[in-house]
Amino acid sequence: MYPDTKELVTSLTSIMSISGQEEQGRETLCSILQPYFDEYIPDPSGTHVFVRRCGKQGAPKLLLDAHFDEIGMMVRDITEEGFLRVVSIGGLDRRILPAAEVLIYGKETLYGVIGAVPPHLQKAEDYKQAPKIEELLIDTGYDRETLRTLVDIGTPVGFYEKTASLLGSRICGRSMDNKACCAAAVLGAAMAKRENMAWDLYVTLSAREEAGMASGCSAAAYRIRPDAAIVTDVTFASAPGVREDESGKMGNGPVLSLSAVTDRRLTERLLQLCRQREISCQTCVDACDTGTNATMLSLVGAGIPTAVVSVPITSMHTYNETVDTVDIEYAAALFAAAAEEEGLRS
Amino acid sequence: MKQDWTTMSLLEELSCAFGPSGCEDAVADIIRSRIAMYCDEFLPDPMGGVLARICGTGTMEEGAVSPRRLMLSCHMDEVGFMIRSITEEGLLKIASMCGSDTRVLAGRRVLVGNAAFQVRGVFGVKPLHLVKSADRGSALDIDELYVDIGAGSRQAAEEVVHVGDFGTFESDFVSFGQESGYIKGKALDDRLGCAVLCSVMRRVYEMEKRPACDLYFAFTCREELGISGARTAAYRIDPDYAIVLEATAAGDISGTPEYRQVAHLGRGGALSLMDRSTIYDRPFTDWILETAMGENIPCQIKQYVSGGNDAAHIHKSRTGVRCAAVSAPARYIHTASNVVAKKDIESIEQLLMAVINRLYNEKK
């Protein structure tokens, strides 16, 4: 029984998981993923660990990591006139913020609009500048007094856009980074046939990647002590302004990272599996850094051989990140194949 | 039979409708269907506007002063863009019709197509990670922007959209804030004026008595381009008085010095004395203000000389028209997220009704 890819992505993106807030969605997450896993292990780091067992005694452990957190903001002040001031969490792109719509996760979830300076107060040169995060005002339609009863300093603020369809199999919306890959991991676990599985599969939907710490992933991995790991995260899709050799083509399958920090033998095996099973895939050179959890993960304990399998998206770190669900499905097929492959590391 | 829409439900329907300047047919169709039973006739408008007439009695009490023809005007179009070309990869390059601030486009969800058919797209953005840190604070130039509809190739894109097709924001109509007193949507500038005028028409038409003068309701095209359909509408209607219903940038947000604020949300319609293209008729404006005060209807004076509207063309029509403008204070106009106060919409509708009621037996 597989979940529908778009439905799965939609339900995962609807769970607020701004870095540091990953545990809030536990109940919803568990209720969505429960049919596909044998066990759920909460982790003090905020990481959600889901296990699918192969049923064989002493089976090796394969860790499949997808960070669960998303970029966002946090309230730092309420102005006299009742507007919110914020700081950013993760790499917020301030070029897309004027008039953006947000949700404020206070005592109630409030709707808000990021203010834009009216045109009569702008000079021609202002139009060339993106506003600074500290200058932004969020308009909630509340006065200061009422707002103070609903919103505390430190309240998380996230983007409003829900998942929507474009032409063909493409979808857009907030937090495809990294819910698209969370969906690929879950779908992969669901697709693996238990009778064929050679590994116990640990899917970690990990915390605090966007905050630049990789702490959720490495803490959970330390507890699990896997024999091999695959990190799945989004990568750049080919688009205007993005070099072809630093990106993947949308619709052509997951992008396997060729890097000095990942395990080349494991990566080669995955590429071979793709060829054997006729799974579309591509490669990309990330010489020194994959920009993912992989570096920290490979250093956990006595070391974990780690590969990176990415899903290409456009407009990364905007509220309309765009992804092709076909790429999610190819990635999932590869994860299922890996869990069934006894010789994954030989 | 009375139609069951309210000003607010109609505003939602109109806000979500597709109507960038030059492509207002979808909006016009909605308006025509909602008001057909509440007017005596439609006037032809080759520009694509909707012009409707409610006939007056033509008989005035002795000594009464009344206009012969009062024109109430609003515009149907919204800011948008046009598809200029389609790339090999199936991405759409655009010409903006959005005013000067293109910063509000990047990352947004849009609809592209024509009045009958649209597809969803997204204004793609080069990822921040690949932008040199010195450039991360620079707004994206219109030439860097493109719309991705998910086509993947020029051929696939051309099956659904064409060069010259139109585009505008896709944006939910949201009630929010204290006591859900605010709404957010696209094109509230000036669908708000359209919704209020439709309501006023229904109310006037259902009253037992008619005003002495003819009332003309004009829903015009292409205001956002400055090439106003109001110019030709005013020529045809030939009014002696006109009231323009608009939305004006409020500027009542934190950090804006008081002397640069234009109007405040929640304090009623803003009456213009002067803007960048019109000096309004003072006795007429004073008379409207006096009407508001007499009936305790919230109303304010627009406090900053900025912007312009259809009055620019109407007041110069034929031998001249006495013009007034009532604007709903709106935040973030010309973006996907216009914000207005529901109270102001009610106040403006009330004010127009009070004005029309006074036309029955006004004596000087």
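Let's start with helix α6 of chain B, residues 282-294. At 1.5 Å a residue, its 13 residues should span 18 Å, and the end C-alpha atoms are 18 Å apart, so the two agree. The expected span here is 1.5 Å times one less than the number of residues. Helices are DSSP runs of H or I with at least four residues, strands are runs of E with at least two, and both are numbered from the N terminus.

A word on the source. This is a predicted model, where local features need pLDDT of at least 70, side-chain atom pairs count only at pLDDT 80 or more, and totals for chains, interfaces and linings use all residues. Residues are numbered from 1 along each chain as its sequence is written, with chains lettered from A and ligands numbered from 1 in the order in which they are written.

Back to α6(B). Which of its residues are buried? T285(B), I288(B) and A292(B). They cover an arc of only 60 degrees around the axis, which puts them on the same side of α6(B). The arc is taken over the directions from the helix axis to the C-beta atoms. Buried means 20 or more other C-beta atoms within 10 Å of the residue's own; exposed means 12 or fewer; partly exposed is in between; C-beta atoms are placed from the backbone. On the other side of α6(B), R282(B), P283(B), E290(B), M293(B) and G294(B) are exposed. The buried residues pack against β14, β15, β16 and α8 of chain B. Just after the helix, N296(B) takes a positive phi of about 55 degrees.

Why do such faces form? An α-helix has 3.6 residues a turn, so residues three or four places apart point the same way.

Next, helix α2 of chain B, residues 25-35. Its buried residues are V27(B), A28(B), I30(B), I31(B), R34(B) and I35(B). Down the axis of α2(B), these fall within an arc of 160 degrees, so they line one face of the helix. Their cover includes α1, β2, α4 and β12 of chain B.

Now the domains; bounds come from an automatic or database domain assignment. Chain B splits into domain 1 (7-78 + 186-358) and domain 2 (80-169). Their C-alpha centres lie 32 Å apart. Domain 1 of chain B gives 14 residues to the contact, and domain 2 of chain B gives 15. Contact means C-beta atoms, placed from the backbone, within 7 Å. Chain A has domain 1 (5-70 + 174-339) and domain 2 (72-159). Their C-alpha centres are separated by 32 Å. That contact takes 11 residues from domain 1 of chain A and 12 from domain 2 of chain A.

On to the core. The largest nonpolar core has 232 residues, and those with the most contacts inside it include L334(A), F335(A) and L92(B). A core is a set of buried Ala, Val, Leu, Ile, Met, Phe, Trp, Tyr and Cys residues joined through C-beta atoms within 7 Å. Helix α8 of chain A, residues 325-339, gives the most, with 11 residues. Beyond four places in sequence, L92(B) touches residues including I83(B), V112(B) and Y146(B).

Last, E101(A), in strand β6 of chain A. Is it buried or exposed? E101(A) counts as buried, because it has 21 C-beta neighbours inside 10 Å. Leaving out residues up to four places away in sequence, E101(A) touches V113(A), Y160(A) and, in chain B, S337(B).

Methods
Two residues are in contact if their C-beta atoms, placed from the backbone, lie within 7 Å.
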